[in-house]
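Here is a friendly briefing to read beside the structure. Take a moment to look it over, then follow the points below.

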Amino acid sequence: MRKKGIAALLMSVALGGSLLTACSNSDSSSSADGSGSGKVEEVVFAMPSFNRIPDDLSKVTDAINKLTIDKIGVKVDFRIYGPADYTQKVNLALQSGEKMDVFTTLGQFSNYVSKSQVAPLDELLAEHGKEMTSILEKDFGPDMLKATTINGKIYGIPVNKGMALPVSVVYNADMLKEAGYSADDIVSADDLAGIFEAVKAKNPDVVPFGPINVNPSDTNLINLLKGTHKVDFLTDTTGVGVVVGDDGKVVNFYETDIFKNGVRMMRDWYDKGYLQKDAATTTITSSEMLASGREFSFLGGYGGMEVGKTISAQTGKNVETKRVAPFYFDTSAVNSVSWMVSSTSKVAEASVKFLNLLYTDEQLINTILYGIEGEDYVKVDEHHVKFPEGKDANTVSYTAMISTGIVGSESLQYQFEGINWSDIELKLKENKETERSPYFGFIFDQSKVKTQISAVNNVVNQYLPGLVTGSLDPETTIPKLVKALNDAGAADVIKSKQEQLDQWIASQGN
């Protein structure tokens with residue numbers, strides 16, 4: 001989930017007024033809270049959904065509460081917001097004092113911690129989160145919570161899914177074959193230019209290469225370079241202050257040869273007509289372009305090997321994928337989507353009980369994702385579901401199927417018919433086998449350079465889209481970018497990162 005452009009891909013529905021929530025048996029007697037008192041506490045659970053948001057959530061909320069009240073003595077006030085609204089709605093609640101207990105970071109982990117808006121969870125996890133931490137260790141491996149630990153305190157629970165997202169070229173397989181090539185001809189991004197030329201010769205009206213699926217002004221070049229060259233952005237997405245490999249030296253990414261050569265490649269592709277001329281400003285996603293037959297390929301970061309089937313189903317084209325760069329685990333890869341408990345929550349214990357169930361109870365996870373069995377989905381087999389006859393994602397009463405990557409444990413989630421279950425097992429295997437940065441667990445505290453971070457971010461947003469899409473000439477633009485970053489305080493950011501990283505390394509005993 002890199003959140004800037006998710007709404008460009010998926011339908012966002014603005015919420016008018018408060019969502020309906022159920023009053024389901026709030027006086028139910030239950031000893032599931034461990035006290036035998038029968039006391040039921042209410043937890044506000046705010047979830048982003050990338051599907052159509054229904055006006056009435058009462059039936060799904062009732063089903064959720066039937067499970068949570070019986071099992072843990074917790075009633076859930078279930079709220080859903082679209083990706084364009086989610087962070088704003090959560091922040092508004094946190095700032096206004098409105099009840100908000102359990103929410104996810106969507107890339108804002110350090111921000112919430114620095115503002116003291118989230119509660120440390122160590123003691124509560126030790127008492128009420130043992131099953132959750134156990135499944136995280138099983139599916140990801142040890143030390144996962146290092147990515148959400150600051151100054152020795154755990155502030156979030158990363159979503160439990162396949163997190164290794166190698167960069168793949170996603171392409172129209174029929175066009176590739178027609179151009180005289182096969183997947184075996186694609187080993188790295190360096191192999192693509194010749195293929196683009198052949199595709200363009202066969203299909204003059206087709207754009208050989210397009211933007212990533214969630215942000216039309218991004219080509220995924222940065223993630224390609226990060227994976228290929230082992231670049232750790234040290235939990236700050238500006239790129240001002242990265243470490244390449246394991247030398248421990250913090251440098252400005254935009255001054256490295258890695259970046260310069262990457263944007264030169266994009267400029268070459270752009271000059272040769274492999275990208276749209278308005279690539280830096282277009283609002284049309286690759287899904288739309290592929291579906292219309294106007295685009296051959298794009299670069300995407302995906303776990304497993306089955307995403308081609310999903311995109312084929314979405315676009316109606318014969319789409320396949322081929323990996324062109326490995327993934328490189330840094331801290332942000334894990335903590336960017338983490339579940340947190342508000343520091344103002346009066347029901348922190350109940351919130352952690354709910355999170356523990358959210359990660360470990362198959363029925364709860366799949367009710368939240370797919371709704372009511374028989375109405376919103378039907379089981380195909382142990383692991384697979386489909387929509388009821390004559391229904392789809394837009395016509396069922398409820399589905400949050402596209403939120404599978406942000407809720408609960410993927411190993412307990414149903415998959416849609418056609419997805420090979422072995423792909424889920426592969427994702428979890430790659431969680432453990434993918435190379436981790438030696439600085440995994442380091443989290444940059446931006447508090448002393450907030451002003452500079454904001455200023456350099458504005459500079460990056462001004463120049464980067466034009467460079468990663470090839471629209472701007474890197475030979476003349478990079479010097480302007482570097483000067484503007486220096487004027488904005490890049491040196492202060494790099495100095496602060498270096499000092500903190502040195503301290504962190506020393507504290508690890510390395």
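Helices here are DSSP runs of H or I with at least four residues, strands are runs of E with at least two, and both are numbered from the N terminus. With that in mind, Lys230 sits in the loop between H9 and strand S9 (231-232). Please remember that this is a predicted model.

- As background, most residues other than glycine have a negative phi.
- Lys230 is not a glycine, yet its phi is positive, at about 55°.
- Lys230 counts as partly exposed because its relative accessible area is 34%, and the range for that class lies between 20% and 50%.
- Thr235 also has a positive phi, near 60°, in a residue other than glycine.
- Thr235 is found in the loop between S9 and strand S10 (240-244).
- With a relative accessible area of 12%, Thr235 is buried.

**Helix H9 against helix H10**

- The axes of helix H9 (residues 221-229) and helix H10 (residues 257-271) come within 10 Å, crossing at roughly 135°.
- That angle makes H9 oblique to H10.
- The crossing of H9 past H10 is right-handed.
- On the H9 side, the residues in contact are Leu221, Ile222, Leu224, Leu225 and His229; on the H10 side they are Ile258, Phe259, Gly262, Val263, Met265 and Met266.
- Sorted by class, this H9 and H10 contact holds nine nonpolar, two polar and no charged residues.

**Helix H6 against helix H14**

- H6 and helix H14 (residues 348-360) have axes that come within 8 Å and cross at roughly 40°.
- H6 passes H14 in a left-handed crossing.
- From H6, Lys130, Glu131, Met132, Ile135 and Leu136 meet Leu355, Asn356, Tyr359 and Thr360 of H14.
- By class, five nonpolar, two polar and two charged residues make up the contact of H6 with H14.

**Helix H16 and what covers it**

- Helix H16 (residues 421-433) contains 13 residues and spans 19 Å from its first C-alpha to its last, close to the 18 Å expected at 1.5 Å a residue.
- Which residues of H16 are buried? They are Trp421, Asp423, Ile424, Lys427, Leu428, Glu430 and Asn431.
- The cover over these buried residues of H16 includes helix H6 (130-139), strand S13 (319-325), strand S16 (384-386) and strand S17 (415-416).

**Ser286 in helix H11**

- Ser286 belongs to helix H11 (residues 286-291).
- Is Ser286 buried or exposed? Ser286 is buried, with a relative accessible area of 0%.
- Ser286 and Phe298 are 12 residues apart along the chain, and their C-alpha atoms are separated by 7.1 Å.

Note on methods:
Residues are numbered from 1 along each chain as its sequence is written. This is a predicted model: local features need pLDDT of at least 70, side-chain atom pairs count only at pLDDT 80 or more; totals for chains, interfaces and linings use all residues. Side-chain values use heavy atoms; hydrogens and water are left out. Axes are lines fitted to C-alpha atoms, for helices over the stretch in contact, and angles run from 0 to 180 degrees between N-to-C directions. Angles under 35 degrees count as roughly parallel, over 145 as roughly antiparallel, 65 to 115 as roughly perpendicular and the rest as oblique. A crossing is left-handed if the near helix is turned anticlockwise from the far one by less than a right angle, and right-handed if clockwise. Contact means heavy atoms within 4.5 Å. Ala, Val, Leu, Ile, Met, Phe, Trp, Tyr, Cys and Pro count as nonpolar, Asp, Glu, Lys and Arg as charged, and the others, Gly among them, as polar. The expected span of a helix is 1.5 Å times one less than its number of residues. Buried means under 20% relative accessible area, exposed over 50%, partly exposed in between (1.4 Å probe, protein chains only).
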